[in-house]
Amino acid sequence: LSQLPGWSLRPDGSIVIATGNDDALGLYRCTPYNSYGTAGESRPTRVLLKDPPAFTVRPKEEYFQEVGRELVIPCVAHGDPPPTITWVKVGSVGKSSAQVDGNSSLILHPLIKEQHGVWECTATNQVASVTTATSVHVLGTSPHAVTNVSVLPLLLAANISWEPGFDGGYFQRFSVWYTPLVRHPPRAHHDWVSLSVPAGAQHLLVENLQPDTSYQFSVLAQNKLGSGPFSQIVTSVPRGFPVTTVPPEPPAMTVHVFLSPPRALTANETVRGVLLRWDPPARASVALSGYALELRQDKGGWEVLERSIAGTDTQVLVPGLIKDAFYEFRLVAFAGSYISDPSNTVNVSTAGMEVYPSRTQLPELLPQPVLAGVIGGICFLSVAVIFSTMAACIMNRRRAARVRKRRQDPPLVFSP
């Protein structure tokens with residue numbers, strides 16, 4: 001064996017041939033022995049060289065076709081002995097409705113929505129098996145279900161993110177559906193609440209959730225042809241409890257993401273409004289994508305004032321505050337689908353400040369009934385002044401006409 005490169009003998013007696021070539025062809029016998037001799041050699045075995053399958057025609061990486069039409073995908077391979085060609089859809093359950101013709105090509109006729117996805121062509125003979133894959137995109141259908149739905153529990157809120165499915169060839173929009181889980185619901189069926197997702201977004205912050213209450217979340221995709229299937233249901237509890245899925249699945253590996261809140265938030269009064277400044281988060285294990293500004297007025301509930309502040313900004317101007325009011329501001333940072341804890345809170349009082357509300361804030365300063373009464377009184381007063389002026393002018397003209405007539409008439413003469 002030492003004279004044959006790449007040949008070796010294992011301790012168990014097996015021969016290892018690193019590279020098969022013509023030197024390996026022939027009959028082989030094995031003779032075991034020890035200090036007492038041998039019982040004879042084994043039966044002969046023959047080594048033959050065969051060619052593994054190799055593709056001569058591979059399918060393209062992607063195919064796009066309208067639903068209901070025919071799609072033919074070629075796949076040809078050779079080998080010794082000739083290989084057998086099989087097609088299978090990745091992730092499919094049960095037997096597929098696809099057909100294979102005499103040239104081993106995949107025939108999808110008529111093409112249906114369920115045949116969208118990745119297909120594998122496998123060539124197999126006695127030597128080996130080789131596989132190639134292609135993606136089939138079925139156009140003209142409703143959207144496919146979103147995948148990888150995750151829920152990040154926050155304080156009285158939850159951030160839902162997902163990966164979109166195929167849109168069916170049309171623009172698709174998403175909506176997030178959620179409902180609380182209660183042990184004794186007042187009705188036989190609890191209601192789901194839906195929230196529209198801004199166009200192009202793949203995450204949504206659901207706020208004003210009840211503490212220590214389990215919620216179920218699901219995402220629905222829609223396009224011009226209708227709605228796709230709901231995503232898997234994800235159950236979460238606000239205030240940092242772990243996320244579990246329904247039905248239960250093995251726990252996934254936890255990825256620790258560090259995103260500290262914005263720092264050193266300050267407020268300064270300017271002639272144009274209140275200028276807020278801050279420092280970026282001290283720790284962020286993922287790239288920072290932006291900030292959201294929250295405020296509340298006179299100890300009320302927190303509301304999102306601006307949710308599209310760029311991640312490179314460190315200041316923002318807040319104009320149009322109401323005079324003689326008390327405001328509180330805070331910031332949260334975004335990094336992908338993750339949201340930090342709120343920053344420190346800054347207080348702003350507009351008492352005595354030369355601050356005037358914007359046009360959209362006029363109803364807050366003056367209620368609509370009072371505003372309507374003031375406007376009606378002004379209109380009534382204006383009409384009364386106009387009528388009074390007109391009446392005075394008419395009376396003056398009549399009086400002047402009577403005086404001119406008296407002057408023109410001849411005097412009366414009485415004779416004795």
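These legends walk through several close-up views of a predicted model. Residue numbers start from 1 along each chain as its sequence is written, and side-chain values use heavy atoms, leaving out hydrogens and water. Since the model is predicted, local features need pLDDT of at least 70 and side-chain atom pairs count only at pLDDT 80 or more, while totals for chains, interfaces and linings use all residues.

**View 1. The disulfide of Cys75 and Cys121.**
Searching the whole structure turns up one disulfide (a pair of cysteine sulfur atoms within 2.5 Å). Its partners are Cys75 and Cys121, with 2.0 Å from S to S. The link is left-handed, at -90 degrees about the S-S bond. Cys75 is in the loop between strand 7 (71-73) and strand 8 (76-80), and Cys121 is in strand 12 (residues 117-124), so the pair ties together parts 46 residues apart in sequence. (Helices are DSSP runs of H or I with at least four residues, strands are runs of E with at least two, and both are numbered from the N terminus.) Cys75 is buried, at 0% relative accessible area, and Cys121 is buried too, at 0%. (Buried means under 20% relative accessible area, exposed over 50%, and partly exposed in between, with a 1.4 Å probe and protein chains only.)

**View 2. Two other cysteines, Cys30 and Cys379.**
Cys30 is partly exposed, with 44% relative accessibility. Cys379 also counts as partly exposed, at 45%.

Val383, Ile386, Phe387 and Met390 make a nonpolar surface patch of about 410 Å². (Patch residues have over 30% relative accessible area and no salt bridge; like charges are joined within 9 Å, and nonpolar side chains, namely Val, Leu, Ile, Met, Phe, Trp and Tyr, within 5 Å.) Ile386 sits in helix 2 (residues 368-408).

**View 3. Aromatic rings, including Tyr327 and Phe329.**
There are eight aromatic pairs by the rule used here. (Rings of Phe, Tyr and Trp, the last by its six-membered ring, pair if their centres lie within 6.5 Å; planes under 30 degrees apart are stacked, over 60 edge-to-face, and the rest tilted.) The ring centres of Tyr327 and Phe329 are 6.1 Å apart with planes at 20 degrees, so this pair is stacked. Tyr327 is buried at 3% relative accessibility, and Phe329 is buried at 0%. Elsewhere, Tyr178, Tyr215 and Phe217 form one aromatic cluster.

**View 4. Arg330 over Trp302.**
Here the charged end of Arg330 sits over the ring of Trp302, 4.0 Å from the ring centre. (That takes NZ of Lys or CZ of Arg within 6 Å of the ring centre and within 35 degrees of the ring normal.)

**View 5. Salt bridges, including Arg296 with Glu328.**
The count comes to four salt bridges (a side-chain nitrogen of Lys or Arg within 4 Å of a carboxyl oxygen of Asp or Glu). In one of them, Arg296 meets Glu328 at 2.8 Å, N to O. Arg296 lies in strand 25 (residues 290-297) and Glu328 in strand 28 (residues 326-335), so they tie together parts 32 residues apart in sequence. Arg296 is partly exposed at 21% relative accessibility, whereas Glu328 is buried at 5%. Another salt bridge joins Asp80 and Lys50, whose closest N and O atoms are 3.9 Å apart. Asp80 is in strand 8 and Lys50 in the loop between strand 4 and strand 5 (51-57), 30 residues apart.

Note on methods. Areas by Shrake-Rupley, 256 points an atom, 1.4 Å probe, with all protein chains shown as cover.
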